[in-house]
Amino acid sequence: MSSRRYGSQSLQRLLGHWQESPSRTPIWRQLAEALRLLILDGRLALDSRLPGERELAAVLQVSRTTIASAIAQLREEGYLESRHGSGSRVILAEHIRHVPTRTSTGTALDMSTAALNAGPEIHQAYQQALFAMPQHLQSSGYLPQGLSVLRESIARHYCERGLPTQPDEIMVVNGAVSGLALILRLLTGPGDRVVVDHPTYPLAIAAIQGASCRPVGVSLPEHGWDTAGLVATLAQTAPRMAYLMPDFHNPTGRCMDAATRQVVADIAERTHTTLVVDETMVNLWYDAPPPPPLAAFNRDAPIILLGSAGKSFWGGLRLGWIRASARTIAALVQTRDTFDLGSPVLEQLATSWLLDNAADFLPDRRRLLTSQRDLCSDLMNSHFPEWQFTQPQGGLSFWVELPDTLATLFATRAESAGIQLGTGTRFGLDGAFDRFLRMPFTLPDDTTRAAFQVLQPIWDNLRLQASSGKMRKII
């Protein structure tokens, strides 16, 4: 089986701004660290081959000796394998490959996924769906726009939130990411730019890149959204669309206020830029519900809303929806013929019941999440006083700032102890945010406590080593 080969230009784009200037670290070591980060993040695929040394030296504008030294270092660490005449192939370092799947307590700890297990209401929803199923068995089951009963439930949900909506303005899809991919197929072509918040949801980045589009980030300020930066980016890049997450943004957990929503909606109308607004976290608020949907602030703005049953109810439902003008929905239905044939009927019936009965169980879900959020906050303050974070207004996780670019190293060592962490680089472009972690609070309390007990000595040892390394450089 032949392995993938990266072109020098592609590798240059992946590396981004890898050189620190000024820096006491040799250039070859900076390059080795940048390539190691790409391998650890999975952006340099296993078994792929790097460009030749001469070619890479030319495109990176460094000496061939620099390239050879960086490759030799990674080869020694176990990240590359080189053969004469065949170049260097990406492999997995031995100490990472043999990662134990469980801790010494015997409990697997996954702190990279922000999602809850199913509650008892999911079983009840499927029971109700089975009762309603017989009347649908006389049809083919291929419904590209979705079951009318579910579209009616979703439309009522939007009306209750302050956005009048008709069932013909709703399309049911197989999850929000699938909906985004369908929208990209309709609205974009290869090479088109798509503006995103930075950081943003990693699967959205993957969907945009999967459509051969180029994500362009607008950095989030310390608080809120940078509307002036959004205007400037739209003017400079002329994107085909923008993808935003104003309702308990993933990963930061912040919520866009009403005044900012008005500004953003007006920007969309004025610039004729289609906004795709991801609302998958909208029901997971703690102190107060979010403002009305962004589309309610300017009915003339080209705004498409994405919703999902995954975070509010259960990820196993694998159902989402698109809310747009009836004309846009009709175009998406036609486009779907080349995508899939529709969503499962049983899951649609279950989701319809869940939406209609959400008021009976979502408050308890929010109270549970509030308690787990507060526990996680207390544990981080106690175990990791150097970490900086803001209490999220909703959602499922904290966005944690570390005192140094240690997220990838910390995650690697934690994985060796059987704990998976979500590094900030997953949520950024070109390797950004290695000073950040996304820390979910969706695990049971005892599991969270156990995880932090395992992580604390790993972090303390890493900080000690990092501090010693800096002292040696100063000396």
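1. The model discussed here is a predicted one.

2. Overall make-up. The protein chain contains 16 helices and 13 strands. Its C-alpha atoms fill a box of roughly 70 × 50 × 50 Å along the principal axes. For 475 residues, a compact globule would have a radius of gyration near 23 Å, and the 24 Å of the protein chain therefore agrees with that expectation.

3. Packing of α8 and α12. Helix α8 spans residues 176-187 and helix α12 spans residues 326-336; they pack at an angle of about 95 degrees, with 10 Å between their axes. That angle falls in the range given in point 1, so α8 and α12 are roughly perpendicular to each other. On the α8 side the contact is made by Leu182, Ile183, Arg185 and Leu186, which meet Thr328, Ala331, Leu332, Thr335 and Arg336 of α12. By class, the residues of this contact are 5 nonpolar, 2 polar and 2 charged.

4. Empty space inside. Rolling a probe the size of a water molecule over the atoms shows where empty space is left. In this model the count is 2 cavities of 30 Å³ or more. They are taken in turn below.

5. The largest cavity. This cavity holds about 90 Å³ of space. Its lining consists of Val195, Val196, Asp197, Val218, Ser219, Leu220, Trp225, Asp226, Thr227, Leu230, Leu244 and Val264. The elements that contribute two or more residues to this lining are β5 (193-198), β6 (214-219) and α10 (227-237). Strand β5 gives the largest share, 3 residues. The lining of the largest cavity has 8 nonpolar residues, along with 2 polar and 2 charged ones.

6. The second largest cavity. Here the space is about 50 Å³. The residues around the second largest cavity are His157, Tyr158, Arg161, Glu279, Val282, Asn283, Gly307, Ser308 and Trp321. Two or more lining residues come from each of α7 (148-160) and β9 (303-308). By class, the lining of the second largest cavity divides into 3 nonpolar, 4 polar and 2 charged residues.

7. Backbone points to check. Most residues other than glycine have a negative phi, and most peptide bonds are trans.

8. The cis bond at Pro199. The peptide bond from His198 to Pro199 is cis, with omega near 15 degrees. Pro199 sits in the loop that lies between β5 and α9 (202-210). Strand β5 is also the element with the largest share of the lining in point 5.

9. The cis bond at Pro251. A cis peptide bond also runs from Asn250 to Pro251, with omega near 25 degrees. Pro251 is found in the loop between β7 (241-244) and α11 (258-271).

10. Phi at Ser212. Ser212 is not a glycine, yet its phi is positive, at about 65 degrees. The residue is placed in the loop between α9 and β6. Strand β6 is among the elements that give two or more residues to the lining of the largest cavity.

Note on methods. Residues are numbered from 1 along each chain as its sequence is written. This is a predicted model: local features need pLDDT of at least 70, side-chain atom pairs count only at pLDDT 80 or more; totals for chains, interfaces and linings use all residues. Side-chain values use heavy atoms; hydrogens and water are left out. On a 1 Å grid over the protein atoms alone, a cavity is a set of points where a 1.4 Å probe fits but cannot get out, and a pocket is an open set with protein on both sides within 12 Å along at least five of seven lines; lining residues have an atom within 4 Å of a point. Grid points are joined across faces, edges and corners, and a volume is the space filled by probe spheres set on the points. Helices (H or I, at least four residues) and strands (E, at least two) are DSSP runs, numbered from the N terminus. Ala, Val, Leu, Ile, Met, Phe, Trp, Tyr, Cys and Pro count as nonpolar, Asp, Glu, Lys and Arg as charged, and the others, Gly among them, as polar. Axes are lines fitted to C-alpha atoms, for helices over the stretch in contact, and angles run from 0 to 180 degrees between N-to-C directions. Angles under 35 degrees count as roughly parallel, over 145 as roughly antiparallel, 65 to 115 as roughly perpendicular and the rest as oblique. Contact means heavy atoms within 4.5 Å. The radius of gyration is taken over C-alpha atoms; the globule rule is 2.2 Å times the number of residues to the power 0.38.
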